[in-house]
Amino acid sequence: MINWKVILNIAKTHLLSKIKQTATAALGVTFGIGAYITLVCFMTGLNGMLDDLILNQTPHIHIYNEIEPSKKQPVSLYKEFENSFNIIHSIKPKLTQKKIHNALPIIHHLNKDDNVQGAIPQIKATIFYISGSIEIGGYLTGIKPLDEAKLFNMQDYIVKGSPEALHNTDNGILLGIEIAKKMALDVGDRVQISTITGEVFPLKIVGLYQSGIADIDAIQSFANLKTVQRILGEAENYVTDINVKLYNINKALPLSKKIEQQFNIKAIDINTANAQFETGTTIRNLITYAVSITLLIVAGFGIYNILNMLIYEKMNDIAILKATGFSGIDVQLIFMSQAMIIGIVGGLLGLLIGLGLASFIGTIPFQTEALPTVGTYPINLNPWFFVIGITFALISTFFAGYLPSRKAKKIDPVKIIRGQ
Amino acid sequence: MEAVLESIKINKYFRKPVLFHVLKDISFKINKGEFASIMGKSGCGKSTLLYILSTMDTDYDGKLLLNNELVTGQSRQKLSYLRNKHIGFVFQFHYLLSEFSVLENVMLPAKKLAEISLSEIEHNAMEKLKILHIDHLAKKRASRISGGEKQRVAIARALINNPSIIMGDEPTGNLDSHNSDNVFNIFKQLSDEQGLSLLVVTHDEDFAKRTDRIIQMGDGEIINKSN
């Protein structure tokens, strides 16, 4: 029979009478957990931001017509050479149209798929920005601004103006910020662009676009899908790219394979396109957890040390408790509960300190050219980190307390009493 | 007379550093209400015997009976319970929990036993303190009282669960003659008035002579069982 009230009362008295030692041990846990929470919130916040940088902008599946040589050359179709070894020199890519054949039905089909959050068309056109007699090469992408904003967070990269403004302005253009700088243009101004075939169109600047990558910002602009179709003199079904966003990014690979087979078209999934980004995330997470666990283990050793010392100091108490009828398990529980109290108090304080520090970091200004919409350091206050933090505090204090308390359990009272 | 404590052919060996036969065929009885003392020279094994009788030392051959119940071979949990309920202990050094108040020290074994409510335990503890004339110290920290007072607190603690027997290991060994007398008188009073059984190890001859019965030990054997 275990009398928790008595055991906890003894544990409490021990802890309070050695308040400095208790505080030191608890502070060890507090700093360990606090540092863990701060670190993990900060690191995963940064990770999340870096991931979003790629994930938000990049379609999960990108569908387009690839210019590539035919896989089956005519010679392999010729029966006479069927069993011979054919060598073909200087293969040329197949002449295909840039537009996706039957683009609108494909988009319609994809939007009906349960895995697909949205599939939206784009037109990529090569153009020149004209400033007096100077022509600057660049790309104009025809988009559906509202859908882009909804699915790919376009608004995060528009530093002036808005997707709505582009949507509402028929001959509007969202100009890359570097081009705007070069040509000394701003929102409200007009810019002339010319197609490869030489036709010149004036467009009204409704916003400035900054991706964070200067090279892209120096060439890339956006206009409405219809505007680009008109500039190119193409029909309404002229679409060169389809960007698909899925609910579950892991479905990207199988779905892209399916689309390739079904529509005989090139479909690239995000992981194939950005293989290195997954590796980066994994390694950053690994570092975060390695550092955090080290901190917590150090805190655990602190508790182990202090409890060990406490048990040496309390040898007489242990002997007397045992002599007056407390069993070894009672004594063990007294010291275990001391460790657990230190763990709980230290851990909870650590969570609070971690929350405070992380929130504080979240208010520090962090401005960088690469991330136009980020104003402060990104922080990820995921409740799971707090659950993991307190769990680890309890587990580490449990083990830190278990070993010394087992020693206390085994102490032979006769030896202590006779040893005096 | 009914026996409270009975030892039958208890033998004990120390194995380290060399095999040494400490106790040789110790057999005796303590009857209910008896105030007995064990005397003997240092190293004759009287303390060793007492710790076996107290159930704290389980490494021995032979049989030990408490209230005619076999104690030998019981589990440690059960032994702790028996010690808690039936045996009160008073040591040479006072062994109070120094961070607790006097009252808490006295109450602790009863709290562990948990047979009666907390308020009853507190009431009983105050009663015991009153019997020993130290009730005014109840709220003081155990580390703040004098040696004689400490020993009386230890006696109060030994009494709290109304044990079958009280054992003392040189309970007066560390006290001056005035306090020794005091402690003896308390024991005598408890024995006479409350019919408590007592077994005290001592080498204070004056103390032993005033007890009901002296068990004389020498070289691990009982030389003389009665007076």
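1. The buried residues of H1(A) are Val6(A), Ile7(A), Ile10(A), Ala11(A), His14(A) and Leu15(A); a residue is buried if 20 or more other C-beta atoms lie within 10 Å of its own, exposed if 12 or fewer, and partly exposed in between, with C-beta atoms placed from the backbone. Seen down the helix axis, these buried residues fall within an arc of 165°, so they line one face of H1(A). The arc is that of the directions from the helix axis to the C-beta atoms. Lys5(A) and Leu16(A) are exposed, on the face of H1(A) turned away from the buried side. Helix H1 of chain A runs over residues 4-17, has 14 residues and reaches 20 Å from its first C-alpha to its last, close to the 20 Å expected at 1.5 Å a residue. The expected span is 1.5 Å times one less than the number of residues in the helix.

2. On provenance: this is a predicted model, in which local features need pLDDT of at least 70 and side-chain atom pairs count only at pLDDT 80 or more, while totals for chains, interfaces and linings use all residues. Residues are numbered from 1 along each chain as its sequence is written, and chains are lettered from A and ligands numbered from 1 in the order in which they are written. Helices (H or I, at least four residues) and strands (E, at least two) are DSSP runs, numbered from the N terminus.

3. H4(A) has the buried residues Ala103(A), Ile106(A) and Leu110(A). They cover an arc of only 60° around the axis, which puts them on the same side of H4(A). An α-helix has 3.6 residues a turn, so residues three or four places apart point the same way. Exposed on the other side of H4(A) are Pro105(A), His108(A) and Lys112(A). The cover over the buried residues of H4(A) includes strand S2 (116-131), strand S9 (241-246) and helix H10 (252-263) of chain A.

4. Lys92(A) sits in the loop between helix H3 (74-77) and helix H4 (103-112) of chain A. With 7 C-beta neighbours inside 10 Å, Lys92(A) counts as exposed. Its C-alpha is separated by 8.1 Å from that of Glu68(A), 24 residues apart along the chain.

5. The largest nonpolar core has 119 residues. Such a core is a set of buried Ala, Val, Leu, Ile, Met, Phe, Trp, Tyr and Cys residues joined through C-beta atoms within 7 Å. Those with the most contacts inside this core are Ile37(A), Ile303(A), Val106(B), Ile165(B), Leu198(B) and Leu199(B). Helix H2 (residues 19-55) of chain A supplies the largest share of the core, 11 residues. Apart from this core lies another, of 46 residues, among them Ile61(A), Ile127(A), Phe222(A) and Ile242(A).

6. Between the chains, 23 residues of chain B are in contact with 19 residues of chain A, contact meaning that the C-beta atoms, placed from the backbone, lie within 7 Å. Helix H1 (46-53), helix H2 (76-86) and helix H3 (102-113) of chain B each supply at least two residues of the side that touches chain A. H2(B) gives the most to that side, with six residues. By class, the side of chain B that touches chain A has 12 nonpolar, four polar and seven charged residues. Here Ala, Val, Leu, Ile, Met, Phe, Trp, Tyr, Cys and Pro count as nonpolar, Asp, Glu, Lys and Arg as charged, and the others, Gly among them, as polar.

7. Chain B has seven helices and 10 strands. A compact globule with 227 residues would have a radius of gyration near 17 Å, and chain B agrees with its 17 Å; the radius is taken over C-alpha atoms, and the globule rule is 2.2 Å times the number of residues to the power 0.38. The C-alpha trace of chain B spans about 50 × 40 × 40 Å along its principal axes. Buried residues make up 49% of the 227 residues in chain B.

8. Two residues of chain B deserve a look at the backbone. Thr55(B) has a positive phi of about 70° although it is not a glycine. Thr55(B) lies in the loop between H1 and strand S4 (61-66) of chain B, and with 23 C-beta neighbours inside 10 Å it counts as buried. Asn67(B), also not a glycine, has a positive phi of about 50°. Asn67(B) is found in the loop between S4 and strand S5 (69-70) of chain B and is partly exposed, with 15 other C-beta atoms within 10 Å.

Technical notes
Contact = placed C-beta atoms within 7 Å.
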